[in-house]
Amino acid sequence: MTSEIVPSGRRVGSASAASFGLGVVAGALGYTAVRRRDRAAPTAEPDGWAPILESLQTAVIQLDADDGIAHANQVAENLGVIREHRLEPADLRMVVAQVRGTGQPRTGELELPESTIAVRVHVSPLPADRILIELIDISELHRVERVRRDFVANVSHELKTPVGALQLLTEALADAVDDPQAAARFTARIQHESARMARLVSELLELSRLQGAEPLPRFEPVPVERIITEAIDRGRTAATAKDIELVREGETGVTVSGSESQLATAVGNLIGNAIAYSPQDTTVTIRVGEARGWAKISVIDEGIGIAPDDIDRIFERFYRADPARSRATGGTGLGLAIVKHIAGNHAGRVEVSSMPGNGSVFTLLLPSVAVPAQETAPDVDEMVLSR
C-alpha cells in the first residue's frame with residue numbers, strides 16, 4: 001500500500017478533471033455549519049445537504065468529534081473505506097489525525113488496502129471538531145499510467161533485440177569480406193532482422209492509431225468476400241512457402257459496416273497467425289457465417305494449438321504463447337492486439353477456441369449493415385454456418 005498526502009497548498013503531480021471540485025463540498029458544508037452554529041446547536045447537520053451528497057459521484061464522509069461516521073454517501077460505502085461505522089484504512093485515519101492536529105486541510109493520493117482501488121483524497125476540518133473527507137476514484141488513471149509504462153518498457157525491449165542483432169551481424173559481415181558464403185549468410189540475417197524491425201515499427205504505429213491517436217475512418221458498407229480476398233492475397237506467399245492450402249467456405253453476400261483496410265488487416269493478421277503456427281502441408285480455412293444481423297469470420301488452422309493458460313493473454317501486446325517460435329517466424333507479438341482493437345472499433349469482438357495439438361479457431365464477430373442499434377452480438381455457438 002502506498003500513500004502520498006501533502007498539505008493542500010502544495011502541488012501533488014497531475015490531477016484528474018474530477019479533482020477540480022475537491023474542497024468545494026468542504027467549503028460549502030463548512031460555511032453552512034458556521035451559519036447554523038450561530039443560530040442552533042453546533043453539531044446539527046444541515047437538513048438540505050443529505051440528498052445533495054447522495055447525488056454526488058464523489059465519495060463524501062463526515063466524521064464527528066470522536067471520528068465516528070456522522071454521514072457517508074453511497075459512493076463512500078461502495079469504496080469499502082467504512083467498516084462498523086468507522087474509517088477502515090489506517091493511512092486515511094492517520095491523515096485525519098494530522099488535519100485535527102494542524103487544523104489545515106490536506107490533499108493527496110492513496111491506494112486502498114486489499115483492493116486495486118486508488119483514490120485522490122481531500123480532508124478538511126469543519127466547525128465543532130468535525131472532519132470532511134472527499135475521495136475520488138482514480139483507479140482508471142493509475143491503470144492507464146501502468147499500461148503506458150509497461151508499453152514503453154516492452155517497446156524498448158522489443159526494439160533492443162533487433163537493433164543489437166543488427167549491430168553484431170554488421171560487425172560479423174565486416175570480418176567476413178574474404179568469405180563470400182559467410183557474407184551471404186550474414187547479409188540474409190541482416191535483411192531478416194531489418195524486416196522484423198520495420199514490421200514492429202509499422203505495427204506500433206498501427207496500434208497507436210487504433211487506440212485513438214487518429215480519428216476513426218468513415219465507415220462504409222464492405223462485402224466480406226472482398227475483405228477475405230485481400231487478406232488471403234496478403235498471406236499467400238507465406239502459405240505457399242509452407243505448402244499450406246488456404247480454403248474459403250461458408251455464406252456469400254455478407255456485408256459489414258466499417259473500414260475496409262482495417263478489417264482486411266484484422267483478417268489478414270488472423271490468417272498470418274494461423275500460417276505461422278501451422279506445420280507444413282496443412283490447411284487454413286476461412287469460413288463466413290451470418291446470424292441475427294451479425295457476420296462471423298472464422299480462421300481455422302491445424303496447428304500446434306494454444307494452452308488454456310495462454311488463451312486469456314494472447315490478445316495482450318507483445319505476449320507470445322511460444323516466444324521461440326514467434327521470434328523464428330519474425331512475429332512481433334502485436335498482431336492479435338491489433339485484431340482486438342479493430343474489432344472493438346467496429347463494435348465487434350474477437351474470440352478464440354483452441355486446445356494444444358488440435359489447432360485453433362479465431363472468430364471475428366462484426367455487425368452487418370442491417371443490424372439493429374439495440375441488438376447485441378450473439379454467442380459464437382449461435383451462429384449457423386453453411387458448409
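Trainee: In what order do the five strands sit in the open sheet?
Mentor: The order is β10-β12-β13-β15-β14, with mixed pairing. Keep in mind that this is a predicted model.

Trainee: Which strands stand at the edges?
Mentor: β10 (245–250) and β14 (349–354) do. Each has a single partner strand, so one side of each is left without a neighbour in the sheet.

Trainee: How many degrees are neighbouring strands turned against each other on average?
Mentor: 15 degrees, direction ignored.

Trainee: How many bridges join β10 to β12?
Mentor: Six, and the two strands run parallel. β12 covers residues 283–291.

Trainee: Helices now. Which strands does α7 lie across?
Mentor: β10, β12 and β13 (294–300). Helix α7 spans residues 224–241 and runs at about 165 degrees to β10.

Trainee: And which strands does α8 touch?
Mentor: Helix α8, residues 260–276, packs on the sheet and touches β10, β12, β13 and β15 (360–367). The directions of α8 and β15 make about 175 degrees.

Trainee: At what angle do α8 and α11 pack?
Mentor: About 145 degrees, with the axes 9 Å apart. Helix α11 is residues 335–345. The crossing is left-handed.

Trainee: Which residues meet there?
Mentor: From α8, they include Leu-263, Ala-266 and Leu-270. From α11, they include Leu-336, Val-339 and Ile-342.

Trainee: How many of the contact residues are nonpolar, polar or charged?
Mentor: Seven are nonpolar, six are polar and none is charged. Among those in the contact are Gln-262 and Asn-269 of α8, and Gly-335 and Asn-345 of α11.

Key
Residues are numbered from 1 along each chain as its sequence is written. This is a predicted model: local features need pLDDT of at least 70, side-chain atom pairs count only at pLDDT 80 or more; totals for chains, interfaces and linings use all residues. Side-chain values use heavy atoms; hydrogens and water are left out. Two strands pair if DSSP finds at least two bridges between them. Helices (H or I, at least four residues) and strands (E, at least two) are DSSP runs, numbered from the N terminus. Axes are lines fitted to C-alpha atoms, for helices over the stretch in contact, and angles run from 0 to 180 degrees between N-to-C directions. Contact means heavy atoms within 4.5 Å. A crossing is left-handed if the near helix is turned anticlockwise from the far one by less than a right angle, and right-handed if clockwise. Ala, Val, Leu, Ile, Met, Phe, Trp, Tyr, Cys and Pro count as nonpolar, Asp, Glu, Lys and Arg as charged, and the others, Gly among them, as polar.
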